[in-house]
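Please keep the sequence and the structure in view while reading.

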Amino acid sequence: MFISLIWTIDSKLTIKGLQKEILFLLIPLAFCFLSKMDRNHVDKVLKWFSFGMAGFAVFYFLKAIVRFINSGNKEVFFYHELVTLELNAIYMAVFSSLAMFYFISKKQKTVIDKTGLLILIAFIFLLSSKNIIIVDLVMIVIYYSFFDSISLRAKTIILSTVLIVSITSIIFIKPVRDRFMIEFETIFVDGSLNKTIKENQGPIYNISLKQAWNQDQFQQNDFFPGTAFRLFQIRIFNEMLQEENIFFTGFGLEAAQEKIKNKVREHNLYPNYGDFNFHNEYVQIFAELGIFGFLLVVSMLFISLRKGILNKDFIHIAFSVSMIILFLTESFLSRQRGIIFFIIFYCMFNVPTNFKEQKIEQ
């Protein structure tokens, strides 16, 4: 990131970005000067982090109830409305998921542990992040299939309950169902009518995956659902690779946004789409730092996942898998909260050496 100052197309933005990304240097250095860490230290941090996230969830539930009493608007219980757009539902869902995995992996759960687990499960579903919900369900299945020592009958009951509750929630909770259905619809249908618009707005049409990848010009009333927008961002990055000499260097740290705005104008999208980054950490890093930055990030994730698997550490595996999948849909390391969460837990999971003796705190 620092070396990209040599070739960046906007040195002011790169310097500003370095002020935020300096944590990638400072936090690992801090871990280097810590006294010897073991799994008990990691478990204590996970414990307090997990109860802290459960406390946050309770706070936002209460806040939503007050807002609902005052406004009668059910939307206050879902997605960004639950935690505000600034905090971001996806980020809160990621933080809550790691806390949830801690409670799940405890062998002997107290009433308080079970309460915290149920609170976080409800919180994650109401945050309505499709990718996080799917990843969490897969990781829960993996845990009860390979890591838990309970009987086969108990595993079957638990997994069946998880799947039934998840499917029921997706079907019958309208805001959650709508977020899944709009993505499903845009796989097959071009230009479907967006049914979530307000009454005083004209017709708005959903862009399908096919249109996002192939269509040259769009209309101002075209709407890009999450997956379609991310596919469009990959498309314009591919166009940048062909048009600009950035394969080895990228544009420089934080310097790609103006190029995104140019592409939004070129394809006649609604101008506000130019304010969004690539929403894909792999593409974001490649566009800013070139192939070597991309390979560094991929190597870090691979090393983390490999160590988690070798140590048979479910929480470490869940963290690594979540980051690998999340990086496909979010430029997670472009926000300071994402940087801090990722690099602290990355160091915590990968620094200790006595993992063969680890036990989740009883």
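## The second largest pocket

The lining of the second largest pocket is made up of 16 nonpolar residues, two polar and one charged; here Ala, Val, Leu, Ile, Met, Phe, Trp, Tyr, Cys and Pro count as nonpolar, Asp, Glu, Lys and Arg as charged, and the others, Gly among them, as polar. A pocket is an open set of points on a 1 Å grid over the protein atoms alone, where a 1.4 Å probe fits, with protein on both sides within 12 Å along at least five of seven lines; lining residues have an atom within 4 Å of a point. The volume of this second largest pocket is about 580 Å³, volume being the space filled by probe spheres set on the grid points, which are joined across faces, edges and corners. Among its 19 lining residues, M1, F2, F24, L289 and L296 are the closest to the centre.

Helices α1 (11–21), α2 (23–32) and α13 each supply at least two lining residues. The largest contribution, seven residues, comes from α13. Helices are DSSP runs (H or I, at least four residues), numbered from the N terminus.

## Basis of the model

The model is predicted: local features need pLDDT of at least 70, side-chain atom pairs count only at pLDDT 80 or more, and totals for chains, interfaces and linings use all residues. Residues are numbered from 1 along each chain as its sequence is written, and side-chain values use heavy atoms, with hydrogens and water left out.

## Helix α15

Helix α15 (residues 336–350) has 15 residues and reaches 21 Å from its first C-alpha to its last, close to the expected 21 Å (1.5 Å times one less than the number of residues). Of these residues, 11 are buried, so α15 is largely enclosed by the rest of the structure; buried means under 20% relative accessible area, exposed over 50%, and partly exposed in between (1.4 Å probe, protein chains only). The buried residues include F341, F342, F345, C347 and F349. Their cover includes α1, α2, α3 (39–71), α5, α13 and α14, where contact means heavy atoms within 4.5 Å.

## Cysteines

The structure holds zero disulfides (pairs of cysteine sulfur atoms within 2.5 Å). For C32, the nearest cysteine sulfur is that of C347, 7.8 Å away. C32 is exposed, with a relative accessible area of 62%, whereas C347 counts as buried at 9%.
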